[in-house]
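Look at the model first, then work through the points by topic.

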Amino acid sequence: MITLIILTVLTGIGIYLITKSWDYEVLGTIMTTIFGSWLIMHTICILTVSYGYEMFVVKREAFEKTLNDSRKNGNDFETAAIVKEVAEWNVKLAEYKYDNTTLYFDQFIDDRIDTLEPIE
């Protein structure tokens with residue numbers, strides 16, 4: 001969110017320089033172009049974060065249902081294949097949680113990811 005605010009302010013300053021000052025018109029144009037482009041890309045990325053999280057939760061629910069069904073039916077081969085996919089999902093969850101706490105641009109990972117628990 002801080003990055004979004006900073007990019008908005010810098011784009012606004014660039015627009016202000018274009019409209020109010022003849023001496024800094026070129027600087028304002030450059031600022032508006034660069035920071036405006038970053039602002040648009042950043043906004044698009046933020047909007048896709050929620051979709052990615054929802055897909056991740058849907059996959060979790062599907063894994064849990066399939067795993068529970070295979071445990072009830074007692075098919076060892078199917079359970080082993082599902083457990084492998086669940087393990088990969090749990091690894092991806094751990095990576096997302098780590099990235100959400102350490103990356104500089106952590107806003108590209110939905111904060112709700114921290115509430116998810118590994119599948120057992």
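Two helices count as roughly antiparallel when the angle between their N-to-C directions is over 145 degrees. H2 and H3 cross at roughly 150°, so they are roughly antiparallel to each other. The model shown here is predicted. The points below take the helices, their contacts and some single residues in turn.

**Helix H2**

- Helix H2 runs over residues 25-73.
- How far apart are the end C-alpha atoms of H2? They are 72 Å apart, which agrees with the 72 Å that its 49 residues should span at 1.5 Å a residue.
- Gly 74 follows H2. The phi of Gly 74 is positive, near 80°.

**H1 against H2**

- Helix H1 covers residues 2-20.
- H1 and H2 pack at an angle of about 150°. Their axes are 7 Å apart.
- The two helices are therefore roughly antiparallel to each other, because their angle is over 145 degrees.
- The crossing of H1 past H2 is left-handed.
- On the H1 side, the contact includes Thr 3, Leu 4, Leu 7, Leu 10 and Ile 18. On the H2 side, it includes Glu 25, Met 31, Phe 35, Trp 38, Leu 39 and His 42.
- The residues of this contact of H1 with H2 are twelve nonpolar, ten polar and one charged.

- Leu 7 sits in helix H1. His 42 sits in helix H2.
- Is Leu 7 buried or exposed? Leu 7 is buried, because its relative accessible area is 9% and the cut-off is under 20%.
- His 42 is buried too, with a relative accessible area of 5%.
- Leaving out residues up to four places away in sequence, Leu 7 touches Phe 35, Trp 38, Leu 39 and His 42.

**Helix H3**

- Helix H3 spans residues 76-102, which is 27 residues.
- From first C-alpha to last, H3 reaches 39 Å. That is close to the 39 Å expected at 1.5 Å a residue.
- Which residues of H3 are buried? They are Thr 79, Ile 82, Val 86, Trp 89, Asn 90, Leu 93 and Asn 100.
- The buried residues of H3 pack against H2.
- Here is a general rule to keep in mind. An α-helix has 3.6 residues a turn, so residues three or four places apart point the same way.

**H2 against H3**

- The axes of H2 and H3 come within 10 Å.
- H2 passes H3 in a left-handed crossing.
- From H2, the contact includes Phe 56, Arg 60, Phe 63, Leu 67 and Arg 71. From H3, it includes Thr 79, Ile 82, Val 86, Trp 89, Leu 93 and Tyr 96.
- How many nonpolar, polar and charged residues does the contact of H2 with H3 have? It has nine nonpolar, three polar and six charged residues.

- Arg 60 lies in helix H2. Arg 60 counts as buried because its relative accessibility is 13% and the limit is under 20%.
- Apart from neighbours within four places in sequence, Arg 60 is in contact with Trp 89, Leu 116, Glu 117, Pro 118 and Ile 119.
- Asp 69 is also found in helix H2. At 32% relative accessibility, Asp 69 counts as partly exposed.
- Asp 69 and Thr 79 are ten residues apart in sequence. C-alpha to C-alpha, they are 9.1 Å apart in space.
- Tyr 96 lies in helix H3. Tyr 96 counts as partly exposed, at 31% relative accessibility.
- Setting aside neighbours within four places in sequence, Tyr 96 is in contact with Phe 56, Ile 109 and Ile 113.
- Tyr 96 and Asp 110 are 14 residues apart along the chain. Their C-alpha atoms are separated by 9.0 Å.

Definitions and conventions
Residues numbered from 1 in each chain as written. Predicted model: local features only at pLDDT ≥ 70, side-chain atom pairs only at ≥ 80, totals over all residues. Heavy atoms only, no water. Axes fitted to C-alpha atoms, helices over the stretch in contact; angles between N-to-C directions. Helix = DSSP H or I, 4+ residues; strand = E, 2+ residues; numbered from the N terminus. Parallel < 35°, antiparallel > 145°, perpendicular 65-115°, else oblique. Left-handed = near helix turned anticlockwise from the far one by under 90°. Contact = heavy atoms within 4.5 Å. Nonpolar A, V, L, I, M, F, W, Y, C, P; charged D, E, K, R; others polar. Buried < 20%, exposed > 50% of the residue type's maximum accessible area, 1.4 Å probe, protein only. Expected span 1.5 Å × (residues − 1).
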